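Hello,

Here is the structure I promised to pass on. Have a look at it first, and then read my notes below.

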Amino acid sequence: MKALTNVRLYDYKTYIENAYIVFDKKIVEVGEMKNFKNKGYQIIDGKNKLVLPNFVCAHSHIYSIFARGLSLPFNPHNFQEILDQMWWKLDSKIDNNITYYSGVAAGSEFLLNGVTTVIDHHASGTEIVGSLTALKKSLANTVGIRSILCFETSDRYNVADCIKENMSFINKKHSEFDSGLFGMHASMSLSNETLKKISKKLGNNPIHIHVAESDMDVVDCKNKYNTTIVERLNKFGLVNSDSLIVHGVYISDNELDIVRNNKTYMVVNTTSNLNNAVGITDIKKYLDKGIKVMVGNDGLSSSMATEYLNAYYLTHLKNNSPTAMNLGDIIDIINNAYSYVGRRLNIKIGKLEHDYVSDFMLVDYEPFTDMNSSNAFGHIFFGLFPNFKPTDVFVDGKILVKKGLLVSQKTKRELVQAKKVSAELWKRVKE
């Protein structure tokens, strides 16, 4: 049993100025240092540290980590050309070995940023079957982080294999480190025939799909099917509880009503939307509708602190109001991710309380103004998030990052190999 002592503690609910945490895989006891009794614990002194629950990334594309630095002819004029010239060239060349090593690389970078649960939307055209198991192996077994995975079903691929991979992974015996959703690329790459096939196999399992990331997706659906995207999905019985509707830059009020009524989540990716110049998501509208919102990175920066900052500031810009979103809204969004992950992985996560999993991080922070329960998140959001980097990260009670460096020798060795594998992928893409 370990005891973390002399820390500031904050979990978006409770703030303790001088605290201790007794923990193993789960948190056993939390309290003020004046009440701490050492019962032979392994002591970890956290003086001058702030302890927070680890972050969740609610939508990512882990394979995209190997696109960093890749030079291809690239002069897109719209969103479809971005897919054609970069992402669909890349993912079509990915096999299970590349999938595994992309997980090692991305998982390690997430870990160093205090992100220890990832909801990923995977694509690999060269090998579909077995790809989610390969990704899970890298994230859970090698890096040591939690994940909820799916395969991006699309008419670009062998649809039968996509459905098989999703359902096979969903139906596997899972641990507290992994679970599955049913992945779909976007309406514009899914025929009615494919949606029918998915509907027959899906059951009550949630889907994970891009919706209205670009207005091209909306126009395509209107022209081909004379309806909106969410209405189309709902017609096939695909919008269900715990499903993830990702992006939603051009989503209508009626579609949002369907999302809310089916207890479906909206997952925003504001940084990616800026990068692709597709627009700014109206998060305020989602919140006003009573819809649960989460935040992802869409395969870009591994810093969720950056994503929360961008979601906050861009909501102000979108609505021409500095009060369109407040810090309480960001806290709710952060807690939505913990609630979702807890339900899907069957764990208690996101609080620094008895019986919650010991997934937390230490950050250097010595405030030069008063820090208390009423302003703690203001300190974190404006003081820490712009330059966020934890010094130590624990998952399931194990220290995986110490003094800003990875602890696992196995992970370090696999990262060396990952660099070689990325070079092989680049070679394939350029052929």
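Among the lining residues are Ser60, His61, Phe110 and Asn297. A cavity here is a set of points, on a 1 Å grid over the protein atoms alone, where a 1.4 Å probe fits but cannot get out, and lining residues have an atom within 4 Å of a point. The largest cavity has a volume of about 50 Å³, taken as the space filled by probe spheres set on the points, which are joined across faces, edges and corners.

Please keep in mind that this is a predicted model, where local features need pLDDT of at least 70 and side-chain atom pairs pLDDT 80 or more, while totals for chains, interfaces and linings use all residues. Residues are numbered from 1 along each chain as its sequence is written, and side-chain values use heavy atoms, without hydrogens and water.

Now the cysteines: there are 0 disulfides, a disulfide being a pair of cysteine sulfur atoms within 2.5 Å. Cys57 is in no disulfide, as the nearest cysteine sulfur, that of Cys150, is 12 Å away. Cys57 is at 0% relative accessibility, so it counts as buried (under 20% relative accessible area, with a 1.4 Å probe and protein chains only). Overall, buried residues make up 59% of the 431 residues.

Best wishes

Terms used: On a 1 Å grid over the protein atoms alone, a cavity is a set of points where a 1.4 Å probe fits but cannot get out, and a pocket is an open set with protein on both sides within 12 Å along at least five of seven lines; lining residues have an atom within 4 Å of a point. Buried means under 20% relative accessible area, exposed over 50%, partly exposed in between (1.4 Å probe, protein chains only).
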